[in-house]
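I opened the model today and kept notes on what I looked up. The entries follow in the order I made them.

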Amino acid sequence: MIYVDSIRKEFKKTIKQPGLLGSVKSLFKPKTEKVVAVDNISFHVPKGEILGFIGPNGAGKSTVIKMLTGILTPTAGSCTINGKNPQKNRKSYVKEIGVVFGQRTQLWWDLPLCETYAVLKEIYEVEDSAYKRKMDLLNEVLDLQDFIKSPVRTLSLGQRMRADIAASLLHSPKVLFLDEPTIGLDVVVKDNIRRAIAQINEEEQTTVVLTTHDLSDIELLSKRIVMIDKGRNVFDGTVDELKSNFGQMRELHFELANEGDLTKLEYKAKFGLTDEDVTVKNDKSKVTVRFNSDCVPVGDMLSYTLSSIHVQDISVRDADIEEIIRRLYKKEVIADA
Ligand SMILES: Nc1ncnc2c1ncn2[C@@H]1O[C@H](COP(=O)(O)OP(=O)(O)OP(=O)(O)O)[C@@H](O)[C@H]1O
Ligand SMILES: [Mg+2]
């Protein structure tokens with residue numbers, strides 16, 4: 001459904017010279033510098049998939065989404081979505097996609113929400129019966145009824161985000177681009193939005209590209225991840241592959257019989273570990289030791305702990321995706337891999 005082939009985006013940034021004279025000079029003869037925001041990114045997304053598109057701040061995610069939605073034109077490379085080029089087939093292309101940028105609304109500020117939807121219905125040429133069916137479904141999954149008659153400017157952030165998502169889905173797009181749709185929302189609204197995305201994806205086989213910094217969104221919705229950093233691909237694979245390739249972090253959980261015993265555990269000295277390879281946290285007598293199982297085998301950690309102090313309820317768990325990605329963002333795992 002989506003083919004992205006070596007896309008690149010350069011921006012020109014004006015460099016202002018210091019002082020008033022500098023400002024005047026920059027006005028008439030601006031000095032510019034090239035910024036490479038996206039540098040040779042490729043991936044593809046089959047129909048019906050929810051792709052988790054992630055990376056640290058400034059990685060180039062929004063710039064990629066803007067190229068895929070036709071807002072920006074790539075400096076080099078190409079993208080094809082449902083056989084169309086977003087820049088060349090702009091008019092027919094926008095009917096096939098839905099876009100939500102969590103950071104800003106695309107709704108009309110002063111119009112009541114229901115009127116906004118009525119306008120969008122005309123713009124997208126949605127038939128009456130299809131519109132009614134769609135509104136009923138969106139009302140149900142996104143719970144819009146409480147504020148559908150209110151002007152957009154009076155909506156809370158959570159209501160506005162639900163309203164924006166509904167607006168992007170009104171014309172039953174084949175592809176939905178969501179750039180941080182859960183940013184700044186409470187857990188209840190996040191949950192509502194995740195369910196809505198899952199339901200639409202299942203019922204209509206909508207292909208979804210989802211950008212987020214909340215990795216629970218990814219765990220709950222995506223099987224596959226494309227991760228970028230500094231404008232380049234760093235990982236493309238399933239969540240399971242990510243876990244098995246990079247998930248060497250493990251967690252030891254136990255309860256101390258005697259709270260003061262924690263000081264007797266000296267994992268770093270015993271196994272020659274760095275701060276990154278082992279961290280010990282405790283909440284009163286409950287202790288979590290996170291460690292790199294490539295550096296110390298799980299058995300050695302267990303036997304050292306059990307022989308040093310008296311503990312209750314000891315267990316070992318895999319580190320979660322959050323931990324793996326935190327390490328990937330910090331580049332340690334990439335350097336090791
Ligand atoms: N219009 C622009 N002009 C100049 N530089 C830009 C422009 N838009 C983006 N950039 C730069 O391109 C880089 C990538 O930005 P982008 O917004 O795509 O990152 P992102 O991955 O979406 O980050 P975040 O997670 O913070 O939203 C950044 O260094 C940014 O400053
Ligand atoms: Mg962004």
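**Ligand 1**

I started with Ser62: an N or O atom in its side chain sits 2.8 Å from an oxygen atom of ligand 1. I count a polar contact as a pair of N or O atoms within 3.5 Å. Gly58 also comes to 2.8 Å from a ligand 1 oxygen, through a polar backbone atom. For the side chain of Glu180, the N or O atom lies 3.3 Å from an oxygen of ligand 1. The protein buries 63% of the 640 Å² that ligand 1 exposes when taken alone. Those areas are Shrake-Rupley values with a 1.4 Å probe.

A note on conventions: this is a predicted model, where local features need pLDDT of at least 70 and side-chain atom pairs count only at pLDDT 80 or more, while totals for chains, interfaces and linings use all residues. Residues are numbered from 1 along each chain as its sequence is written, chains are lettered from A and ligands numbered from 1 in written order, and side-chain values use heavy atoms, without hydrogens and water.

Next I listed the shell, taking residues with a heavy atom within 4 Å of the ligand. It includes Phe11, Ala37, Lys61, Thr63 and His213. By class I found 4 nonpolar, 6 polar and 2 charged residues; Gly goes with the polar ones, and Asp, Glu, Lys and Arg are the charged class.

**Helix H2**

Which helix gives the largest share of the shell? It is H2 (residues 61–68), with 3 residues. Helices here are DSSP runs of H or I, at least four residues, and strands are E runs of at least two. I then checked burial, meaning under 20% relative accessible area, with exposed over 50% and partly exposed in between (1.4 Å probe, protein chains only). In H2, 6 of the 8 residues are buried, among them Lys61, Thr63 and Ile65. Gly70 follows H2 and has a positive phi near 85 degrees.

**Cores**

I looked for nonpolar cores: buried Ala, Val, Leu, Ile, Met, Phe, Trp, Tyr and Cys residues joined through side-chain atoms within 4.5 Å. The largest has 36 residues, and Leu113, Tyr117, Leu138, Leu142 and Leu144 touch the most other members. Helices H4 (113–123) and H5 (128–142) are among the elements that each supply at least two of its residues. Another core, of 28 residues, lies apart and includes Phe43 and Ile65.

**Positive phi**

Most residues other than glycine have a negative phi. Gln205, in the loop between H7 and S7, has a positive phi of about 50 degrees. Gln205 is partly exposed at 40%.

Note on methods:
A polar contact is a pair of N or O atoms within 3.5 Å; within protein, one must be able to donate a hydrogen and the other to accept it, and residues adjacent in sequence count only if both atoms are side-chain atoms.
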